[in-house]
Amino acid sequence: MMNKYFDLITQNTDASIISTGNCKHCNNEFALYDVEKQVLDKQGFKYPDICATCRFRMLYSYLNDRHLYHRKDSLSGESVVSIYSPDYN
Ligand SMILES: [Zn+2]
């Protein structure tokens, strides 16, 4: 299945595609744009190997994780991520 949403972006903006690749997490095809490449080159970052959806998914899981508690599960004793603090009984 080819996900060609990025062709819509180049049709409606000045952005052009430098290269395309497959996401290492979900294997969907994604594009690297010239404006994105300029920013990455200027900042010295390496080019992405995961798609924008997976990048946002990782970002939001990190942001959500900051508002959760890491504690031991009361039944299994395993480390879990929970909305309840360790003090909650
Ligand atoms: Zn992906």
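Colleague: Is F56 buried, partly exposed or exposed?
Modeller: This is a predicted model. F56 lies in helix α3. Its relative accessibility is 47%. Buried means under 20% and exposed over 50%, so F56 counts as partly exposed.

Colleague: Which residues form the nonpolar patch on the surface?
Modeller: The patch has about 320 Å² of accessible area together. Patch residues need over 30% relative accessible area. F56 has 47% and Y60 has 48%. The members are F56, L59 and Y60.

Colleague: What class of aromatic pair do F56 and Y60 form?
Modeller: A search of the whole structure finds one aromatic pair. F56 and Y60 form that pair, 6.2 Å centre to centre, with 25° between the planes. Planes under 30 degrees apart count as stacked, so the pair is stacked.

Colleague: Why are F56 and Y60 separated by about one helical turn?
Modeller: Both residues sit in helix α3. The separation is about one helical turn because F56 and Y60 are four residues apart.

Colleague: What is the geometry of the zinc ion site?
Modeller: The protein donors are the SG atoms of C23, C26, C51 and C54, lying 2.2 to 2.3 Å from the zinc ion. Angles among the four donor atoms run from 106 to 117°. Four donors count as tetrahedral if all angles lie between 85 and 135 degrees, so the site is tetrahedral.

Colleague: How many residues apart are C23 and C51?
Modeller: In sequence the donor residues are spaced C-x2-C-x24-C-x2-C. C23 lies in the loop between β1 and β2, and C51 in the loop between α2 and α3. The pair links distant parts of the chain, 28 residues apart.

Definitions and conventions: Residues numbered from 1 in each chain as written. Predicted model: local features only at pLDDT ≥ 70, side-chain atom pairs only at ≥ 80, totals over all residues. Heavy atoms only, no water. Donors = N, O, S within 2.8 Å, 3.2 Å for Na, K, Ca; no water. Tetrahedral: all angles 85-135°; square planar, octahedral: opposite > 155°, others 65-115°. Helix = DSSP H or I, 4+ residues; strand = E, 2+ residues; numbered from the N terminus. Patch = residues over 30% accessible without salt bridge, like charges linked within 9 Å, V, L, I, M, F, W, Y side chains within 5 Å. Areas by Shrake-Rupley, 256 points an atom, 1.4 Å probe, with all protein chains shown as cover. Salt bridge = Lys/Arg side-chain N within 4 Å of Asp/Glu carboxyl O. Buried < 20%, exposed > 50% of the residue type's maximum accessible area, 1.4 Å probe, protein only. Phe/Tyr/Trp six-rings, centres within 6.5 Å; stacked < 30°, edge-to-face > 60°.
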